[in-house]
Amino acid sequence: MFSSGNVTARIFERQIGSPPPGASVNRARHFYENLVPSFTLYDVECPDHCFRKFTEDGLFLISFSRNHQELIVYRPSWLSYSTDSEDNPPPLPRRASKFDSFFTQLYSVNLASANELICKDFFLYFHAHRFGLFATSTAQIHDSAPSPGAVPGVPSIDKITFVLLRLDDGVILDERVFLHDFVNLAYNMGVFLYDDLLAILSLRYQKIHLLQIRDSGHLVDAREIGYFCREDDELFLNSNSQMMMTQDKNKQQSLSGNREDDAENGLHQSLPNAENSFLSGIKQRLLSFIFREIWNEESDNKLRVQNLKKKFYFHFQDYVDLIIWKVQFLDRHHLLIKFGSVDGGVGRNADHLPAFFAVYNMETTDIVAFYQNSAEDLYQLFEQFSDHFTVSSSSPFMNFVTSHSNSVHALEQLKYMKNKANIFPQFVKKMLVSLPFSCQSQSPSPYFDQSLFRFDEKLISAADRHRQSSDNPIKFISRRQPQTLKFKIKPGPECGSADGRSKKICSFLFHPHLPLAISIQQTLFMPPSVVNIHFRR
């Protein structure tokens, strides 16, 4: 295997496999302070692809063709050459400046068909079996026609296809298709993977589709949460509706004799319509929880009624109009669900809109906690136990992602921001806007470990996002030696851009355990990208 012959990977595996007694999980990576990318190849000759990310174990580099039809998978390799001079090494061989000196293409697979395109911002990795989950879709329709059960105002996509693929050889194992639906695919926002469980949120129909990824590579339906919460809810409602139909028909016949036509008409008008008469199962559970919480605030019945009028009935329609924005697993039995208005569910910036968080127990189908997005008690949980919101993988590499739960430096920075905030509820909203976390949205690279390095988070961070590019190098400073520059990374051309007026964005792909990174700079008008490779020479 690639990593087994690499000294960096072997040292890292030894450290996390048998760390020194009493060592914290982050101390296992202290050797990275002196094992850093020390050299940059600028404007590397490479295929004109959209490079997505390294898998969290570092075995694969995922990329897509520019026409968003093909998946191209690479295996990272390592540049090897020998020299007699250590102090003043000679220039690298010419071949070393090429992309294929660092990456070997394994295969290319066509994922999209007909009028579908690959979603270049979506990719989830199932570490246990090296499966990759990809998505293709047709164009988004903003003014879609109304559809029974669909939320008005939510756009529609004619076809969304999720493709499960074995990354070792590129074999497509299974597919799951959603028709005339809307799933937010940008940066994995609408899909969450926890171990072998997959949650796909249909914004348009307000359903959480739970699937299980089997060892064989099959996607198996486990449950749908939304209109129904239990597996037999639909059967129960249908059987009761049938019984009501029979009772109403007998009653009408006994009252009106032979006027069966009138009875039939009256019957159809009196039957409960699942689309119009009932709230969804999860909405009913939410309203019940809110009602009970307000009821239990007071012991006096008169005060209870006043409280309910003020806090529940006055806002009843607001609660009814809430839709699910986002969802994540907290563990195998609980979901964290974010509710808000329709505008916030499909808008780009919903930070200023009111939102609510609910913890849902999938076994009992109960809401067990409910918070507004300015709730201080939820913020305290987020501050003290943020790892419980972010960890969604059994991969050992993901245990090293820095948070204010496992890093005193991140916690100090958070407390500094909290003390600096003028209005604490606004600060809480700003901090909680990231919940629920997008799945696999942070890099486990040791160079983002805040116990090892300081860097400007406005220019670069572990988060899987494009950044505004800077012409100045991004510096990584040692934590233990505060004035020591360990290394720096400069995106873009070596001598800077000729046109300083054009707005440039940059993305960084860091290998999870090797001193290797790719920086990709491009302008908003999308000319050919500038690709640099940063590595230890």
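Student: Which exposed residues does the face of H10 turned away from its buried side carry?

Tutor: In this predicted model, that face carries Glu-412, Tyr-416, Asn-419 and Lys-420. These residues are called exposed because the term requires a relative accessible area over 50%.

Student: Which residues of H10 are buried, and what makes them a single side of the helix?

Tutor: The buried residues are Ala-410, Leu-414 and Lys-418. They cover an arc of only 75 degrees around the axis, which puts them on the same side of H10. These buried residues pack against helix H8 (376-384) and helix H11 (424-432), where contact means heavy atoms within 4.5 Å.

Student: How does the span of H10 compare with the expected value?

Tutor: H10 comprises residues 408-420, 13 residues, and reaches 18 Å from its first C-alpha to its last. At 1.5 Å a residue, 18 Å is expected, and the helix is close to that value.

Student: Why is the pair of Asp-464 and Arg-52 called a salt bridge?

Tutor: The closest N and O atoms of Asp-464 and Arg-52 are 2.9 Å apart. The criterion is a side-chain nitrogen of Lys or Arg within 4 Å of a carboxyl oxygen of Asp or Glu, so the pair qualifies.

Student: Where in the chain are the two partners, Asp-464 and Arg-52?

Tutor: Asp-464 lies in the loop between strand E20 (453-454) and strand E21 (467-468), whereas Arg-52 belongs to strand E2 (residues 49-54). They are 412 residues apart, and the pair links distant parts of the chain.

Student: Are Asp-464 and Arg-52 buried or exposed, and how do you know?

Tutor: Buried means under 20% relative accessible area. Asp-464 has 19% relative accessibility, so it counts as buried. Arg-52 has a relative accessible area of 6% and is therefore buried.

Student: What makes Glu-116 and Lys-159 a salt bridge, and which parts of the chain does the pair link?

Tutor: Their side chains meet at 3.5 Å, N to O, and the cut-off is 4 Å, so the term applies. The pair links distant parts of the chain, 43 residues apart: Glu-116 is in the loop between strand E5 (103-110) and strand E6 (117-118), and Lys-159 is in strand E10 (residues 156-166).

Student: Why do Glu-116 and Lys-159 receive their accessibility labels?

Tutor: Glu-116, at 4% relative accessibility, counts as buried.

Student: Which labels do the partners Glu-231 and Arg-223 receive, and why?

Tutor: The side chains of Glu-231 and Arg-223 meet in a salt bridge (3.5 Å, N to O). Glu-231 has 59% relative accessibility and therefore counts as exposed, while Arg-223 has a relative accessible area of 19% and is buried.

Student: How many salt bridges does a search of the whole structure find?

Tutor: The search finds 15 salt bridges. Asp-195, Asp-196 and Arg-332 are linked in a network of them.

Conventions. Residues are numbered from 1 along each chain as its sequence is written. This is a predicted model: local features need pLDDT of at least 70, side-chain atom pairs count only at pLDDT 80 or more; totals for chains, interfaces and linings use all residues. Side-chain values use heavy atoms; hydrogens and water are left out. Helices (H or I, at least four residues) and strands (E, at least two) are DSSP runs, numbered from the N terminus. The expected span of a helix is 1.5 Å times one less than its number of residues. Buried means under 20% relative accessible area, exposed over 50%, partly exposed in between (1.4 Å probe, protein chains only). The arc is that of the directions from the helix axis to the C-beta atoms.
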